[in-house]
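This report describes the pairing of charged side chains in the structure shown below. It is intended for a reader who is new to the structure.

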Amino acid sequence: MSATLPSRVTSASAAVTDFASTASCFEIEGLCLAYDGKQALRNLTLRIPRQRVTAFIGPSGCGKSTLLRVLNRLHDLNEDVSRQGRVSLEGQDIHAPQVDVAELRRRVGMVFQTPNPFPMSIYDNVAFGVRLQGIKRKRVLDEIVEWALDSAALWDEVKDRLHGSAWALSGGQQQRLVIARTLAVQPDVLLLDEPASALDPISTLKIEELIRSLKSRLTLVLVTHNMQQAARVSDYTAFLQDGELVEYAATDNLFTNPRLRRTENYITGRMS
Amino acid sequence: MTSWRRQGEGGWPWLAAGSVALSLLALLALLVLLGSRGLAHFWPAPVEVVTLESGERFAGQRVRQERIAGDPQVDVLYRTGNRDLDGSYWRWVGAGAIDTRRYPDDLLVLEREHWGEFLGRLVALRAAGDAVPLPAASDEAWHVLRERLTRVEALREQRRQLSEDVIAPLARRLAALRSSEALDPARQQTLTEQWEAARQRLDALDTALARDALILESVDGQRLEQPLAGVLAAWRPNAMSWVDRLLHWGRGVGRFLSEGPRAGSLEGGVWPAIFGTVMMVLLMSLIVTPFGVLAAVYLNEVARQGPLIRLVRIAVRNLAGVPSIVYGVFGLGVFVYGIGGQLDSWFFSERLPSPTFGTGGLLWASLTLALLTLPVVIVATEEGLARIPDQQREGALALGATRYEMLRRVVLPMAVPAMLTGVILAVARAAGEVAPLMLVGVARLAPQLPLDGEFPFLHLDSKFMHLGYHIYNIGFQGGDVERALPLVYASALLLVVVIVVLNLTAIFLRHHLRARHRAPER
Ligand SMILES: Nc1ncnc2c1ncn2[C@@H]1O[C@H](COP(=O)(O)OP(=O)(O)OP(=O)(O)O)[C@@H](O)[C@H]1O
Ligand SMILES: [Mg+2]
């Protein structure tokens, strides 16, 4: 059976397997969420460790995106959504009334499935969030833009066309631009909702490398349908089904030695 | 095209293409009709000297011929002018009654300030009561006349400048001084002196203008003394080369576009009407755009989408179908009598009972039309907002933008082309509306432009002229339909051109904005 399982590529340290020893970034307790009465998340409790990559896997419609969007309160705009339970970031309840939502979203950046650059130049896209912080000085902006594009491994490809339209980039470049845009505001957490599902294998590889390189500075949460990808880049993996957390463990353990039959069936592709 | 049938598509693509062709043809026919009838009016047609079998003679431009039902004979309509001599401007003659027709080179047409055109010959010139000998050759006499006319034109221009730039402002300042409470005799003294000096200069100009007169003779021998000051233009239609005719035509069109109307709007130009139309449409756009955009933003971005909002949306769409005269009535009742009356009693009570804002004017007309076109702008903007993917909004929010920042920096810029589409539709609708304007401020004659050098520069309370109303007015309210008709066509063509120009401006703007961030074709 183990032959069918994806092998782990990263050289994660053995300490990673020890769940309790890592500090947590998000702590989720008894989270329930319903769209207009229709239950999408059922009593989730989990911790997302700091400066690690945590992957959410599960069949389509199981609530992965929904969970991700709770973490930066993107559901706030949708009046149909009702939520119970507590989510805290670095010990602070993110739904507390005194929390500045815009500041929370700056700290918890998000990259979506399809690249969504704004209809502006590449430069303005990256500077967008920085300008919102009130930074206007050109020299500072220039520096941040270069740094962010460099972090997203895009600088060399776009440095000659910074003022060209962002919509003229390829899909893979656009997705890295969106990551650069998010990195530019110095988030603590980066949420990635199937960031590579619309991309070709080479672009996917670039994004995966990027995720691995960012781990040292940020906490990353990755939603993916690609088992190999989850195995390659993540330290922890959570398997969700029908809005419930089925199994959550260090990626190595989950893929090589799943505790539950449901998990095993899903990751071996017998059910999806 | 033939492949449609081969592909088993049946005839429907032909039907569709045929409808397009038909629509285009109808539009083309409209433009050709307006263009040919309207623009031909300025062409210096040859003048015939007609001798009837009865021996009677007259000069005129042939306009058209008609066969009256039941009458075997063809009747010809001539434009004869000389209304001060004959009492009529037109003449119908039976084609059979005409004996000879000639086109003498020395026949003169004068466009005059009063009595319309004169057709005939120049007999003598008189300066300050003394006859000036004219050269015997008609070409040289014509040359002398042209020189004198140039002098008169220069004087007329000086007089216009003096009265507009010096006398009118002085008069206004004097009137203001008299009505103000505080007495300032020294200031009144200087103003009065300036006024007197200006009046004297005006009198001198008038005397100089009145110096020359023409002795004219019509082809049937009636004589007439015409002060040269009252002659606006002179030409010899039968002696003109093609180049001359073209230049004359160009000047005629130019004067039609740049001058104010004269003689019950049957002569002169339509400049105040063009200006009023454009001014009102621009004001209307300035008013309707922010309101329409804000309303659309509320409906699409702010309000909770539910049955109530759906109801509001349906209501807004239905408002677009309310007949425009209804808006006119609303504007009259609410803006003119309601708000305008209140404004008058608060701020302009010293002028009552003559109303300032309590009567139709530019502001109320623009507001009424803004109301009329509001649904169009709302609907177009809303459609533009709905087309923006939610990912763009979420992308901005995820970067820490507040909802306002998201709207300001991402959503609204992306919706600008849609807003401009709304404004284009609004302009197209508003520029052609006449009915509501009749209730809220359009005037039959308002040569004073609503925009001038006098504070507050834009006179929102002033009445204004409008091309659409001008067409209605000269075509159906005046006396001489034959004379009005070419002007109706010309004004209608102009109205179409004005609307097209306004629309092209907005379309150009929209294209420019769209092109900025389009990905290259891949
Ligand atoms: N805006 C919404 N309104 C109502 N129901 C929604 C909404 N978004 C998601 N849902 C429902 O909530 C459930 C979870 O959706 P979610 O998008 O979180 O799934 P997912 O795991 O991300 O699936 P996928 O892998 O296909 O992206 C689904 O049943 C979906 O139909
Ligand atoms: Mg999803």
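This is a predicted model: local features need pLDDT of at least 70, side-chain atom pairs count only at pLDDT 80 or more; totals for chains, interfaces and linings use all residues.

## A network in chain B

A network of salt bridges links Arg148(B), Arg151(B), Arg211(B) and Asp212(B).

Side chains of opposite charge can pair when their charged atoms come close. Over all chains, the count of salt bridges comes to 33.

## A pair between two helices of chain A

In chain A, a salt bridge joins the side chains of Lys206(A) and Glu157(A), with an N to O distance of 4.0 Å. Lys206(A) belongs to helix H7 (residues 201-214) and Glu157(A) to helix H5 (residues 155-158), so the pair ties together parts that are 49 residues apart in sequence.

Both partners are partly exposed: Lys206(A) has a relative accessible area of 35%, and Glu157(A) has one of 32%.

## Two further pairs in chain B

The side chains of Arg64(B) and Glu66(B) form a salt bridge at 2.4 Å, N to O. Arg64(B) is partly exposed, its relative accessible area being 29%. Glu66(B) is likewise partly exposed, at 34%.

Another salt bridge brings together the side chains of Glu217(B) and Arg223(B), at 3.3 Å from N to O. Here Glu217(B) is partly exposed, with 23% relative accessibility, whereas Arg223(B) is exposed, with 52%. Arg223(B) counts as exposed because its value of 52% falls in the class defined as over 50%.

Note on methods: Residues are numbered from 1 along each chain as its sequence is written. Chains are lettered from A and ligands numbered from 1 in the order in which they are written. Side-chain values use heavy atoms; hydrogens and water are left out. Helices (H or I, at least four residues) and strands (E, at least two) are DSSP runs, numbered from the N terminus. Buried means under 20% relative accessible area, exposed over 50%, partly exposed in between (1.4 Å probe, protein chains only).
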